[in-house]
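Below are some short notes to read beside the coordinates.

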Amino acid sequence: MVIAVLALQGAFAEHQQMLQHLGVESFLVRNLEDWERHKDGLIIPGGESTAMMRIIKDENLFDPIREAIINGLPVFGTCAGLIMLDKEHLNTMDITVKRNAYGRQLGSFYTEDEMKGIGKIPMTFIRAPYIEGVGDGVEVLSVVDGHIVAAKQGKQLVTSFHPELNDSLKVHEHFIKMI
C-alpha cells in the first residue's frame, strides 16, 4: 500500500511520520509529476485552505485530484484538508463547513472524545473548522460540544482536528482500513 500526502504546506511531514509508524509507504505530492505516481490513497493535511487551493490550481493538480477522488480514490482530510473537500472547494464531499469556527490561534484546544468506529481519542484543534451540515450519504463520526468534527462519505474521511499531532495512530489506522 502506498499513500500520497499532499505537501503544499501544513503538517504533511507529521502525517508521513504516522504512516511510517504504521509501516505504510508514502510519498509527498508537490506537483503534477509527483501526483502521477501510483497511490492507493491520499492525505490532505491541515494548513491554509485558500493558499492550498491556489497552489493546486497553479500546479495543475485541481482536476486530477478531484477526478481521482470522485472515481473512488480514498482520501483523508484534516482541518484545512476537510475544507478542501467541501462543496465550495474540490466539491467531492457533501458537507458545509464553517472555517476558523473556533476563532484565532488562542481559540485552539485539546480534548479527548469519542469517534465512531474508533473509540475515545485525543483531538487537537488549531484554528479548526467544523461541519455545519451534511448531505445524504455523509456519516457523522464525532461531535464535540454540539459540532460535527469528523465525518465519512464513501471513501472520504475528514476530521476538524489534527490526529497527526498526537501519539495515537487510531485515526490513521481507520483510514488505512478504509482502503
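Which residues lie nearest the centre of the largest pocket, and how many line it? Please keep in mind that this is a predicted model.

1. The pocket. The largest pocket is lined by 16 residues. Those nearest its centre are Gly47, Cys79, Asn100, Ile126 and Arg127. Its volume is about 210 Å³. Sorted by class, the lining consists of 7 polar, 6 nonpolar and 3 charged residues.

2. Aromatic pairs. The count of aromatic pairs comes to 3. One of them joins Phe109 and Phe125, whose rings are stacked, with 4.5 Å from centre to centre and 10° between the planes. This pair links distant parts of the chain, since Phe109 belongs to strand S6 (residues 109-115) and Phe125 to strand S7 (residues 119-125), 16 residues apart. Ring pairs also bring in Phe161, so that Phe109, Phe125 and Phe161 form a cluster.

3. Are Phe109 and Phe125 buried or partly exposed? Phe125 has a relative accessible area of 1% and is therefore buried. Phe109 has a relative accessible area of 24%, so this residue counts as partly exposed; the cut-off for buried is under 20%.

4. Charges over rings. Two contacts of this kind can be checked by eye. Arg37 lies over the face of Phe27, at 4.0 Å from the ring centre. For Lys39, the charged end sits over the ring of Trp35, with 4.1 Å to the centre of that ring.

5. Val2. This residue is part of strand S1. Val2 counts as buried because its relative accessibility is 12%, and buried means under 20%. Leaving out residues up to four places away in sequence, Val2 touches Glu25, Phe27, His38, Lys39, Asp40 and Gly41. Val2 and Gly41 are 39 residues apart along the chain, and their C-alpha atoms are separated by 7.0 Å.

6. Leu8. Where is Leu8 placed? Leu8 is in the loop that runs between strand S1 (2-6) and helix H1 (12-21). With a relative accessible area of 17%, Leu8 is buried. Beyond its neighbours within four places in sequence, Leu8 is in contact with Val29, Arg30, Met52, Ile55 and Ile56. The C-alpha atoms of Leu8 and Thr78 are separated by 14 Å, and the two residues are 70 apart along the chain.

Definitions and conventions. Residues numbered from 1 in each chain as written. Predicted model: local features only at pLDDT ≥ 70, side-chain atom pairs only at ≥ 80, totals over all residues. Heavy atoms only, no water. 1 Å grid on protein atoms, 1.4 Å probe; cavity = no way out; pocket = protein on both sides within 12 Å on 5 of 7 lines; lining within 4 Å. Points joined across faces, edges and corners; volume = space filled by probe spheres on them. Nonpolar A, V, L, I, M, F, W, Y, C, P; charged D, E, K, R; others polar. Helix = DSSP H or I, 4+ residues; strand = E, 2+ residues; numbered from the N terminus. Buried < 20%, exposed > 50% of the residue type's maximum accessible area, 1.4 Å probe, protein only. Contact = heavy atoms within 4.5 Å. Phe/Tyr/Trp six-rings, centres within 6.5 Å; stacked < 30°, edge-to-face > 60°. Lys NZ or Arg CZ within 6 Å of the ring centre and 35° of its normal.
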